[in-house]
Amino acid sequence: MESGPAIFAGMVFALFGGGLLMWTAGRVRHREPVAHGVSPVASATLATLAGLIALALGAWCFTGL
């Protein structure tokens, strides 16, 4: 019963983190801004960090199964 919410949360975190990392990599590869009005290096770094944290949270949710 308790594994259902953990699976759902893990999938949400994993999909968001993976999607954010792919989107950020695409923007950086095409030399487009990740966030307007912010330093390109800072915005790419922050987006990458957020994606990695989301992936880590997804993995943590899956380890509780």
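Colleague: What share of the 65 residues of the chain counts as buried?

Modeller: The share is 22%. Bear in mind that this is a predicted model.

Colleague: And the secondary structure, how many helices and how many strands?

Modeller: Two helices and zero strands. Helix α1 covers residues 3-29, and helix α2 covers residues 40-63.

Colleague: What are the spans of the C-alpha trace along its principal axes?

Modeller: About 45 × 15 × 15 Å.

Colleague: How far does α2 reach from its first C-alpha to its last?

Modeller: The reach is 35 Å over 24 residues, close to the 34 Å expected at 1.5 Å a residue.

Colleague: Which residues of α2 are buried?

Modeller: S43, A44, A47, G51, A54, G58 and C61.

Colleague: What do those buried residues pack against?

Modeller: They pack against α1. On contacts across the chain, take the pairs at least 6 apart in sequence: 72% of them join residues at least 24 apart.

Colleague: Which residues make the nonpolar patch?

Modeller: F13, L46, L49, I53, L57 and W60 make a nonpolar surface patch of about 620 Å². Helix α2 gives the largest share, five residues. F13, by contrast, lies in helix α1.

Colleague: Now backbone angles. Which residue other than glycine has a positive phi?

Modeller: R31 is one, with phi near 55°.

Colleague: Where is R31 found?

Modeller: In the loop between α1 and α2.

Colleague: Is R31 buried or exposed?

Modeller: Exposed, because the relative accessibility of R31 is 79% and the class requires over 50%.

Colleague: Fine. Can you put the two helices together for my notes?

Modeller: The buried residues of α2 pack against α1. The nonpolar patch takes five residues from α2 and includes F13, which lies in α1. The loop between the two helices holds R31, with its positive phi.

Terms used:
Residues numbered from 1 in each chain as written. Predicted model: local features only at pLDDT ≥ 70, side-chain atom pairs only at ≥ 80, totals over all residues. Heavy atoms only, no water. Patch = residues over 30% accessible without salt bridge, like charges linked within 9 Å, V, L, I, M, F, W, Y side chains within 5 Å. Areas by Shrake-Rupley, 256 points an atom, 1.4 Å probe, with all protein chains shown as cover. Salt bridge = Lys/Arg side-chain N within 4 Å of Asp/Glu carboxyl O. Helix = DSSP H or I, 4+ residues; strand = E, 2+ residues; numbered from the N terminus. Buried < 20%, exposed > 50% of the residue type's maximum accessible area, 1.4 Å probe, protein only. Contact = heavy atoms within 4.5 Å. Expected span 1.5 Å × (residues − 1).
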